2 protein chains.
Amino acid sequence: MKKAIVLLAKGFEEVEALTVVDVLRRGGVHCITCSIDGEEEVLGSHSIHVKANNLLEKVDVNKYDAVVIPGGMPGASNLRDSEKVIELVKKFNKENKIVAAICAGPIVLGRAGVLDGKKGTSYPGFEEQLGEVVYSEDMVVQDGNIITSRGPATAIHFAFKILESLEGIKIAENLREAMLLNFVENDILKNKI
Amino acid sequence: MKKAIVLLAKGFEEVEALTVVDVLRRGGVHCITCSIDGEEEVLGSHSIHVKANNLLEKVDVNKYDAVVIPGGMPGASNLRDSEKVIELVKKFNKENKIVAAICAGPIVLGRAGVLDGKKGTSYPGFEEQLGEVVYSEDMVVQDGNIITSRGPATAIHFAFKILESLEGIKIAENLREAMLLNFVENDILKNKI
């Protein structure tokens, strides 16, 4: 069973973090939320209180295949300023494990230096904090083990790219149907053309 | 200031409930989550623990302009089987306040009888539990004060329709830009045509 860690710090963006948890769990990934704040209850950037599954310092990260960094402020800067988080991102990148970040989250990858020479994206305005990234404006960008995405409305697309990387296209495609994502895309096309 | 209640019962769908909370709060609505389970901590259908802002029995519902019912199982059936919730839905409907439900959530509206003769939708398969609804397969359906929607991937579109009804099109449009929803729709169009 594939395993993923979603990191939570005070001020995390709730939709970006929890859409990933929801999609990965539906897709059969063992996905846990880990607080970096020393306590399980973490307050999101829109005042939603979520109880994390564990504290980062208590988790054996070697058992995990992916780390996911949500946006939100000051959540993303809190993650960026944590030495433990930066070490974890560097370690997972070195081991070619999935390192994923969305919205303001890629600033963590920027500080860790893992975007240098890689294609990546972020919420508009964070381009200068991503190191030597090859900046893209696509909704979701994958370059090898690195997955980045743009913001709240792209969270579900980001989540599905992570799921696809962990569990394969077939599981992702079936879940896209079940969660009505294909339906939404077809509806948008139908109404705009 | 407009005020909305998002109802939480054990087994609520996290993305459907919390996307609405996130969008409404960003849009300036005083939005609270209310547990119907007698305790503030509520476990979602994908095992995310959320602390509600209040218990339904402690809230003066007369001060609120909208009630929102997320899907998820058994969350939606727990809401449907609550007399207090059914009374609230009937009362808000009678007062022409916004009554909104997504995914399996419209079964609550079905039991309350507020969809009879109205256009509505739900997650596929719940059509028979909606009373005398005029069933639609659109992503989001509004008929007067009643707003219904289809499932997890339509949650953000549902949330914006509620925001638009409470705060007007201009606030909703500005927030669609900020949360990148227009960007996503344009990207889908660009890549599929």
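Visitor: What makes strand 4 of chain A and strand 4 of chain B count as joined?

Guide: Three bridges link the two, and they run antiparallel. Two strands pair if DSSP finds at least two bridges between them, so these strands qualify. Strand 4 of chain B is residues 49-51; strands are DSSP runs of E with at least two residues, helices are runs of H or I with at least four, and both are numbered from the N terminus.

Visitor: What kind of model is this, and how are things labelled?

Guide: It's a predicted model, where local features need pLDDT of at least 70, side-chain atom pairs count only at pLDDT 80 or more, and totals for chains, interfaces and linings use all residues. Residues are numbered from 1 along each chain as its sequence is written, chains are lettered from A and ligands numbered from 1 in the order in which they are written, and side-chain values use heavy atoms, leaving out hydrogens and water.

Visitor: How many residues does each chain bring to the contact?

Guide: Chain A gives 40 and chain B gives 40, with contact meaning heavy atoms within 4.5 Å. About 3600 Å² is buried between the chains, and carbon and sulfur atoms give 67% of that. Buried area is the accessible area (1.4 Å probe) that two parts lose on being put together, summed over both. On chain A's side, A:H46, A:A153 and A:I188 supply 14% of what that chain buries against chain B, more than any other three residues.

Visitor: Why is the meeting of A:E41 and B:K51 called a salt bridge?

Guide: The rule wants a side-chain nitrogen of Lys or Arg within 4 Å of a carboxyl oxygen of Asp or Glu. For A:E41 and B:K51, N to O is 3.8 Å, so the pair passes. The count between the two chains is four salt bridges. Helix 1 (14-26), strand 4 (49-51), helix 5 (155-167) and helix 7 (181-192) of chain A each supply at least two residues to the side that touches chain B.

Visitor: In which order do the strands of the open sheet in chain A run?

Guide: There are seven, in the order 5-2-1-6-7-11-10, with mixed pairing. Strand 5 (54-55) and strand 10 stand at the edges with a single partner each, so one side of each has no neighbour in the sheet.

Visitor: How do helix 5 and helix 6 of chain B pack?

Guide: Their angle is about 145 degrees and their axes are 7 Å apart. Axes are lines fitted to C-alpha atoms, for helices over the stretch in contact, and angles run from 0 to 180 degrees between N-to-C directions. Helix 5 brings B:F160, B:L163, B:E164 and B:E167, meeting B:I169, B:I171, B:A172, B:L175 and B:R176 of helix 6. Helix 5 of chain B also lies across strands 1, 6, 7, 10 and 11 of chain B, at about 175 degrees to strand 7.
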